[in-house]
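Open the model in your viewer and keep the selection tool at hand. The tour goes stop by stop, with something to select at each.

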Amino acid sequence: MKNMIYTEHDLLTTKYTKVLEEKEYSYNAPHTFEVVRKLDENSEFNPKTDLLAKIHFQEGPIKECGVNGVCNEDLLVMVIRRLQGFQESEFKCRENAMAITKIEEALLWLRKRTMGREARGVEGTHTV
């Protein structure tokens, strides 16, 4: 958890877990995130049991830095697949269906962004 700070968002619940992000980063956004188990005030953090996931996103443009992390789209597809699994079970609900639709919409917007960058010949580079 060194050099990590808690991620804050109005809709993020911290009832069971907390999300941390790197404090200092390059390329305009954090690239490393950790999800940790929420501890009570008397517990000391144990990285072997309390660190649930560490995610490193692509850092820098692929054509300039090579592939070195996951893409936004990768994680969105994982969430869609997980929700689809619930939809194929007794946990099927309207809220899951709506979430799938909205995440697919987010993927479409990200794809549109990529298509525009490809059309301008700057996809995979640090050029606007």
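Predicted model: local features only at pLDDT ≥ 70, side-chain atom pairs only at ≥ 80, totals over all residues.

**Stop 1**

Select residues 72-87, helix α3, and residues 94-120, helix α4. How far apart are their axes? The distance is 10 Å, and the packing angle is about 160°. Angles over 145 degrees count as roughly antiparallel, so α3 is roughly antiparallel to α4. Look at the handedness next: α3 and α4 cross in a left-handed way.

**Stop 1: the contact between them**

Stay with the pair and show side chains. On the α3 side, select N72, E73, L76, V77, V79, I80, L83, Q84, F86 and Q87. Their partners in α4 are N96, A97, A99, I100, I103, E104, A106, L107, L110, R113 and T114. Colour this contact by residue class. You get 13 nonpolar residues, five polar and three charged.

**Stop 2**

Centre on I103. Leaving aside residues up to four places away in sequence, I103 touches L76, V79, I80 and L83.

**Stop 3: G85**

Move along to G85, which sits in helix α3. Is G85 buried, partly exposed or exposed? With a relative accessible area of 29%, G85 is partly exposed, because that class runs between 20% and 50%. Draw a C-alpha to C-alpha distance from G85 to V35. The two are 50 residues apart in sequence and 22 Å apart in space.

**Stop 4: the loop between β2 and β3**

Jump to Y27, in the loop between β2 and β3. Check its backbone. Most residues other than glycine have a negative phi. Y27 is not a glycine, yet its phi is positive, near 60°. Y27 counts as partly exposed, at 35% relative accessibility.

Step on to N28. N28 lies in that loop too, between β2 (17-22) and β3. What is the phi of N28? The value is positive, about 70°, although N28 is not a glycine. N28 counts as exposed because its relative accessibility is 71%, and the cut-off for exposed is over 50%.

N28 and G60 are 32 residues apart along the chain, and their C-alpha atoms are separated by 9.4 Å.

**Stop 5: D40**

Finish at D40. Where does D40 lie? D40 is in the loop between β3 (32-37) and α1 (47-50). D40 is partly exposed, with a relative accessible area of 46%.

Technical notes. Residues numbered from 1 in each chain as written. Heavy atoms only, no water. Axes fitted to C-alpha atoms, helices over the stretch in contact; angles between N-to-C directions. Helix = DSSP H or I, 4+ residues; strand = E, 2+ residues; numbered from the N terminus. Parallel < 35°, antiparallel > 145°, perpendicular 65-115°, else oblique. Left-handed = near helix turned anticlockwise from the far one by under 90°. Contact = heavy atoms within 4.5 Å. Nonpolar A, V, L, I, M, F, W, Y, C, P; charged D, E, K, R; others polar. Buried < 20%, exposed > 50% of the residue type's maximum accessible area, 1.4 Å probe, protein only.
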